[in-house]
Amino acid sequence: MQSVTVELEAASTMELVNALSAIATELATRNVPESAAACLELTETLAAAADMQESALAGFIGRVDAAGEQARWGYPSTQAWLRSSLGMRDNRAKERLTLARQRHRLPQVCAQLASGDLSYGYATTVADSVARLDDTDCAEAETTLLGFVDQGFSAGKVAAFGRRIRDLIAERDDTEAAPDEDTKRGYAKSWLTTTRSLDGGRYVKGWLNPEDAAIWDGTLAPLAKPTGPEDRRDFSERTAAALSSVLSGGHKATKVTVICDLETLTGGNAPARLTDGTPIPAPHARRIALAAGVSPLLLGRGNTPLYLGHRERFASAAQRQVLETLYSTCAVRECETPGTLCEVDHVNGWALGHSPTDIDQLALTCGWHNRFKHSRPDQIQITKDRDGRYVYRLLPPPDARGATGPPGGNGPPEGALEWAA
């Protein structure tokens, strides 16, 4: 058992965080009390304390986000840092980031969260509700929504009130979309109408029946995915870009790569897989092969087209196909960008003459980490796993090494707090 003594008023923020970490470590190892009634009371007390900790956490995250500190550590966005370094689920990372970014506009919420008078769930609900409002409407909405909290409405109900507030503001400002009269055409046949605007643009509206909708989804959905962590376009913007790509001839056919053993194709039971790791039952893989034809993809040595040397700067389509089977995501261990959205990276730098365009000298990295690797090579450690894939690991900035350790590291900085056995 460890003990720690700290004077609350005199202690630094670092000392308080380290003391809290020590208490949490000890508490996590304690046996649960036998009394269910005691556990209920302890749960409520601990949850309230955790909510107040979220207030401090929102402040820390907000400062990191505003300064862009996460980029120095190799993370393309604050959300990527929360997700990768701290192991947060995507929804929780978004939730905490929204609260951190809205703190300066929600003084009442922040004060009540810090004092323990408002739960974290209510605070994030209000923050999400006002995120798309201007400052004047935000202030009024904050007061209104906190009034609903005081009346005892659940967080779900408060979220519904928040949506209603946004709808009312849209009606007031005449920004609510009017009902589309063309929906009266019916649903059996697809239809599309366009109207040119005065500035040369074009409004598009229409309806696709289920059959045409399936074609739409199959063609545009793969192209409308985010291009990487820095892609801040919403889904409607990405869909428009995907449609433009198809109309301009930039997309000829939807490509689906199914990876399977020869034994699977000849009657075996081993499942195949997509490039993202999704398993495909053997019978399904054989049906795909019969319908689409088979292009063999050999991953052994002796494949001359996969070794282009220094004659070619860019990877070939065959090399790209091989790399997408090897890398389901960006080679950076902490990055979740799908391999199909990544760029081909010369591991040792083609321009330096150390990395020919050969399949065993290439990896897939997202655009952000590709640029990060070449601008800050001292913050990328490259190794190979037992399957021969390159693994890139992020290192702390040079000025942070030895003092704080990597993000998410265990243990307090030396000398930050005095520990006693």
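Me: What makes the contact between Arg320 and Glu324 a salt bridge?

Reply: In this predicted model, the side chains of Arg320 and Glu324 meet at 2.8 Å, N to O. The criterion asks for a side-chain nitrogen of Lys or Arg within 4 Å of a carboxyl oxygen of Asp or Glu, so the pair qualifies. Both residues, Arg320 and Glu324, are buried.

Me: Why are Arg320 and Glu324 said to be separated by about one helical turn?

Reply: Arg320 and Glu324 both belong to helix α14, residues 317–326, and they are four residues apart there, which means a separation of about one helical turn.

Me: Which residues do salt bridges with shared partners join into one network?

Reply: The network consists of Arg83, Asp90, Lys94 and Glu336. The structure holds 14 salt bridges.

Me: Why is the pair of Glu54 and Arg96 called a salt bridge, and which parts of the chain does it link?

Reply: The closest N and O atoms of Glu54 and Arg96 are 2.5 Å apart. The limit is 4 Å, so the pair is a salt bridge. Glu54 lies in helix α2 (residues 36–67) and Arg96 in helix α5, and the two are 42 residues apart, so distant parts of the chain are linked.

Me: How do you know whether Glu54 and Arg96 are buried or exposed?

Reply: The relative accessible area is 9% for Glu54 and 13% for Arg96. Buried means under 20%, so Glu54 and Arg96 are both buried.

Me: What makes Arg105 and Asp135 a pair that ties together separate parts of the sequence?

Reply: Their side chains meet in a salt bridge at 2.9 Å, N to O. Arg105 is in the loop between α5 and α6 (107–115), whereas Asp135 is in helix α8, so the bridge ties together parts that are 30 residues apart in sequence.

Me: Why do Arg105 and Asp135 fall into their accessibility classes?

Reply: Arg105 has 14% relative accessibility, which is under 20%, so Arg105 counts as buried. Asp135 has 54%, which is over 50%, so Asp135 counts as exposed.

Me: Why is the pair of Phe148 and Phe161 called stacked?

Reply: By the ring-centre rule there are four aromatic pairs. In the pair of Phe148 and Phe161, the distance is 4.0 Å centre to centre and the angle between the planes is 25°. The centres lie within 6.5 Å and the planes are under 30 degrees apart, so the pair is stacked. Phe148 is in helix α8 (residues 135–150) and Phe161 in helix α9 (residues 155–172), so parts that are 13 residues apart in sequence are tied together.

Me: What makes the pair of Phe153 and Phe161 edge-to-face?

Reply: The ring centres of Phe153 and Phe161 are 5.1 Å apart and the planes stand at 90°. An angle over 60 degrees counts as edge-to-face, so the pair takes that label. Phe148, Phe153 and Phe161 form one aromatic cluster.

Me: How do you know the accessibility class of Phe153 and Phe161?

Reply: The relative accessible area is 28% for Phe153 and 24% for Phe161.

Me: Why is Gln102 called buried, and which residues does it touch?

Reply: Gln102, found in helix α5, has 10% relative accessibility, which is under 20%, so Gln102 counts as buried. Leaving aside neighbours within four places in sequence, Gln102 is in contact with Ala127, Val130 and Ala131.

Me: Why is Thr239 placed in its accessibility class?

Reply: Thr239 lies in helix α11, residues 235–247. Its relative accessible area is 14%, under the 20% limit, so Thr239 is buried. Not counting residues up to four places away in sequence, Thr239 touches Trp216, Leu220 and Ala224.

Me: What lines the second largest pocket?

Reply: The second largest pocket holds about 1000 Å³ of space. Of its 37 lining residues, Gln79, Arg83, Asp90, Lys94 and Pro229 are the closest to the centre. The largest share of the lining, eight residues, comes from α5. By class, the lining has nine nonpolar, twelve polar and 16 charged residues.

Key
Residues numbered from 1 in each chain as written. Predicted model: local features only at pLDDT ≥ 70, side-chain atom pairs only at ≥ 80, totals over all residues. Heavy atoms only, no water. Buried < 20%, exposed > 50% of the residue type's maximum accessible area, 1.4 Å probe, protein only. Contact = heavy atoms within 4.5 Å. 1 Å grid on protein atoms, 1.4 Å probe; cavity = no way out; pocket = protein on both sides within 12 Å on 5 of 7 lines; lining within 4 Å. Points joined across faces, edges and corners; volume = space filled by probe spheres on them. Nonpolar A, V, L, I, M, F, W, Y, C, P; charged D, E, K, R; others polar. Phe/Tyr/Trp six-rings, centres within 6.5 Å; stacked < 30°, edge-to-face > 60°.
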